[in-house]
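Please look over the sequence and the structure before reading on.

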Amino acid sequence: MDLVQMQKSLQDYTKSLFLEGILDSQFLQLQQLQDESNPDFVSQVVTLFFQDSDRILNDLSLSLDQQVVDFKKVDPHVHQLKGSSSSIGAQRVKNACVVFRNFCEQQNVEACHRCLQQVKQEYYLVKNRLETLFKLEQQIVASGGMVPAVELGF
């Protein structure tokens, strides 16, 4: 695949992430913070999000598996995941966390288990998709090209 095709592929792939509701405009704002002095800014921020999210999801699983669920411990984890997913533009993860928090307020253990599975599903989807996006960007740079700015003219 030549450079122009790779750039077109990247643009199409990125647009699909927005059309599918996986990412929102916050991700574009994050990309705007990246410049020549910090060319890996977005991938570094997203990598930190992945590390934190993995820890939070593990903590949530442990908390919900207790005989007596302490919702005062569960809710802050869900709130933190909602905030961090919102800050990188992971829209579907954020939306799943909103529902999860509502069930935490109701102290509905069964619904919280279902929500945790939904959050995990959305998280692993966005993680996979962003890792693919970063690989496409790396291929373009390795081929001597520039990563094109994304224009979302739907």
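Ser 53 counts as buried, because its relative accessibility is 0% and buried means under 20% relative accessible area. The model discussed here is a predicted one. Ser 53 belongs to helix α3. When neighbours within four places in sequence are set aside, the residues in contact with Ser 53 are Leu 81 and Tyr 123.

## The packing of α2 against α3

Helix α3 spans residues 41-64, and helix α2 spans residues 25-32. The axes of these two helices lie 8 Å apart, and the helices pack at an angle of about 130°. The pair α2 and α3 is therefore oblique. Their crossing is right-handed.

Which residues of α2 and α3 meet? On the α2 side they are Phe 27, Leu 30 and Gln 31, and on the α3 side they are Phe 41, Val 42, Val 45 and Val 46. Of the residues in this contact between α2 and α3, six are nonpolar, one is polar and none is charged.

## The loop between α2 and α3

The loop that lies between α2 and α3 contains Asp 35. With a relative accessible area of 43%, Asp 35 is partly exposed, because this class lies between the limits of 20% for buried and 50% for exposed.

Asp 35 can also be placed relative to Leu 136. In sequence, Asp 35 and Leu 136 are 101 residues apart; in space, they are 18 Å apart, taken from C-alpha to C-alpha.

## The annotated domain

In an unreviewed entry, UniProt lists residues 38-143 under "domain: HPt". Over residues 38-143, the chain is 87% helix and 0% strand.

## The annotated histidine

UniProt also lists His 79, again in an unreviewed entry, under "modified residue: Phosphohistidine". In the model, His 79 is part of helix α4, which covers residues 71-88.

Is His 79 buried, exposed or partly exposed? His 79 counts as partly exposed, because its relative accessibility is 41%.

How values were computed
Residues numbered from 1 in each chain as written. Predicted model: local features only at pLDDT ≥ 70, side-chain atom pairs only at ≥ 80, totals over all residues. Heavy atoms only, no water. UniProt positions renumbered as here; feature names shortened; annotations may be inferred. Helix = DSSP H or I, 4+ residues; strand = E, 2+ residues; numbered from the N terminus. Axes fitted to C-alpha atoms, helices over the stretch in contact; angles between N-to-C directions. Parallel < 35°, antiparallel > 145°, perpendicular 65-115°, else oblique. Left-handed = near helix turned anticlockwise from the far one by under 90°. Contact = heavy atoms within 4.5 Å. Nonpolar A, V, L, I, M, F, W, Y, C, P; charged D, E, K, R; others polar. Buried < 20%, exposed > 50% of the residue type's maximum accessible area, 1.4 Å probe, protein only.
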